[in-house]
Amino acid sequence: MTAGAVMLTAAACNSNKQVAVNNAGVVKTETLNQTEGVINQVLFGEWTVADVGGKAVTGENRPYVIFDRETSNPFEVRCYANDGCNYINGAYAVTPGGKMQRINEFISTMRMCHDAPYEMGITLALNSVHNYAIEKVAQDYLLYFKNEAGQNTMVLRKCDISFINGAWKVETINGKEAKSADDLLLVIDIPEQKIHGNVGCNTLNGSISVNFDKQNAMSFSNLATTRMTCPDIATEQELLAALAKVETVIPGNNADTAQLKDAAGQTVITLSKINLK
C-alpha cells in the first residue's frame, strides 16, 4: 500500500461523522463521511474474536482486537491484538468502500504457548485483511475481516454494553417502586468486572460476568453485603435476589435509564443514571 492510500482529503475531518445504520443491518462505509463516522463511533474500541477461518472461538479468555488512533489522519487506525498467546500491534488504512489494509509490518511478542489454537489463524487474518464489513445486530456489532479474494478470515464481535457502566439509582424492583429510607445505589464497573453500592443501609460488593456469545448478556455473582440490621431489610433482600436473577441488560427509553432482565426476559430492576461529577 502506498502512502497516498491514507492521505485522504482533510475536509473529511469536518464531517458530521454520522453512522448510516438502522437498528439492524449492514453499516454503510461508501463515502468519506460514512467511513469516518464508522471509525469514530463503531470501530474504535475492543472487539472479541468470535470466528477464525470458519471455526468458532470459545473459552473464557477470548482473543481480542483493539482499534485506536495515534495520528491526526482520520483514516489511519492503530491495532492492538491478543491472539490467545502473543500481543500484536500495527496500523491500518481504513478507507471508503470498505477497504482495510496494513500500512506497516505488525510487531508481535515471541512467546511459545502450548494452548493457543487460534494463534496462526488470527495472525494470518490480521496480515491479509483487504476489505472489511460491519453489521449491526440489535446493540451488538459484527466486524468481518476479508482477504483479497473476498473470503471471511475472521469475525469479531463488539458487545456494546458500555451504556451500563457507571453509577445508578435503583428505581423499581420486580415492577414495584423501590421504596427505602435511603437511596439504593449501584456502581457497575465493566472494565474491572465489579459491582458495588448501597442496597439500603448495607454496602454491596460483587462480580460481573459478560457472555460474549449472547446478546447483551451480563450477570452478577459473589454478591456480598455488610451485616448491619436495618429497618427496611425486606427491600434489601428483594434487591439482592433480583440482582442474582439478572442475565441481560438493555438501555431504557433514554440514555439515562437501563433495564436488567432475567432469563425469561422479564424486567427485574430498572435504573436511572447518577452523575457523580
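Lysine 176 is partly exposed, with a relative accessible area of 49%; here buried means under 20% relative accessible area, exposed over 50%, and partly exposed in between (1.4 Å probe, protein chains only). You are looking at a predicted model, where local features need pLDDT of at least 70, side-chain atom pairs count only at pLDDT 80 or more, and totals for chains, interfaces and linings use all residues. Residues are numbered from 1 along each chain as its sequence is written, and side-chain values use heavy atoms, leaving out hydrogens and water.

Let's see what lysine 176 does. Its side chain meets that of glutamate 238 in a salt bridge (3.4 Å, N to O), a term for a side-chain nitrogen of Lys or Arg within 4 Å of a carboxyl oxygen of Asp or Glu. Glutamate 238 lies in helix 3 (residues 233-245) and lysine 176 in strand 13, so the pair ties together parts 62 residues apart in sequence. Helices (H or I, at least four residues) and strands (E, at least two) are DSSP runs, numbered from the N terminus. Glutamate 238 is partly exposed too, at 24%.

The structure holds 5 salt bridges. Another one joins the side chains of aspartate 140 and arginine 157 (3.1 Å, N to O). Aspartate 140 sits in strand 10 (residues 140-146) and arginine 157 in strand 11 (residues 152-158), 17 residues apart. Aspartate 140 is buried, with a relative accessible area of 0%.

Finally, visit lysine 169 and aspartate 183, whose side chains form a salt bridge (3.8 Å, N to O). Lysine 169 belongs to strand 12 (residues 166-173), while aspartate 183 lies in the loop between strand 13 (176-177) and strand 14 (185-189). Lysine 169 is partly exposed at 29% relative accessibility, and aspartate 183 is partly exposed at 45%.
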